[in-house]
Amino acid sequence: MSKVFVIRNQHGHYLGKQQNWLDGSDRRLLYRTLHRDEAVNLVFEHSSKDIALRAEPLLCEVDKNGQPQVEAGPEIPLAAAADSGADSAQTAQAEPDANESDSADTKAQDAL
């Protein structure tokens, strides 16, 4: 049997062909590559965008249809993982607002 690399994150989700995280139940939608360096580069790109991401390339065998044999059913459901990512994004968006109010106070003091 041949082998391919897929990408799995810390929650047990797999990267899909559309660059979204999937639970692995539909193996046809999973990103796969024959080359480890391509998988490592993609992990690096995604980790650069999301510093909380802990992903790894995973070598797995393919079945007779050419689909990677992965375990479906991650530890954390997709909705819970998306919520934790949304919380960090909201926190990052809240910080610039605080800085804007500080700069408005500074401008008001400069006007006096």
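Predicted model: local features only at pLDDT ≥ 70, side-chain atom pairs only at ≥ 80, totals over all residues.
1. An α-helix has 3.6 residues a turn, so residues three or four places apart point the same way.

2. His46. This residue lies in α1, which runs over residues 36-49. His46 has a relative accessibility of 15% and therefore counts as buried, the cut-off being under 20%. Neighbours within four places in sequence aside, His46 is in contact with Leu15, Gln19 and Leu53.

3. Gln19. One of the contacts of His46 is Gln19, which sits in the loop between β2 (14-15) and β3 (21-22). Gln19 is partly exposed, at 36% relative accessibility. The phi of Gln19 is near 65°, a positive value in a residue that is not glycine. Most residues other than glycine have a negative phi. A reader checking the backbone may wish to look at Gln19, given this positive phi.

4. The model holds three salt bridges. In one of them, the side chains of Arg8 and Glu56 meet at 2.9 Å, N to O. Arg8 is in strand β1 and Glu56 in strand β4, so the pair ties together parts that are 48 residues apart in sequence. Both partners are partly exposed: Arg8 has a relative accessibility of 25%, and Glu56 has a relative accessible area of 37%.

5. Salt bridge between loops. Asp63 pairs with Arg27, with the closest N and O atoms 2.9 Å apart. This pair links distant parts of the chain, since Asp63 is in the loop between β4 and α2 and Arg27 in the loop between β3 and α1, 36 residues apart. Asp63 counts as buried at 14% relative accessibility, whereas Arg27 is partly exposed at 27%.

6. Salt bridge between Asp26 and Arg28. The closest N and O atoms of Asp26 and Arg28 are 3.0 Å apart. Asp26 is partly exposed, with a relative accessibility of 28%. Arg28 is exposed, at 54%.

7. Val62. The loop between β4 (55-61) and α2 (78-111) also holds Val62. Val62 is buried, with 7% relative accessibility. Val62 and Ser2 are 60 residues apart in sequence, yet their C-alpha atoms are 6.1 Å apart in space.

8. The chain as a whole. The secondary structure consists of two helices and four strands, in the order β-β-β-α-β-α from the N terminus. Of the 112 residues, 26% are buried. Among contacts between residues at least 6 apart in sequence, 64% join residues at least 24 apart.

Technical notes. Residues numbered from 1 in each chain as written. Heavy atoms only, no water. Buried < 20%, exposed > 50% of the residue type's maximum accessible area, 1.4 Å probe, protein only. Contact = heavy atoms within 4.5 Å. Salt bridge = Lys/Arg side-chain N within 4 Å of Asp/Glu carboxyl O.
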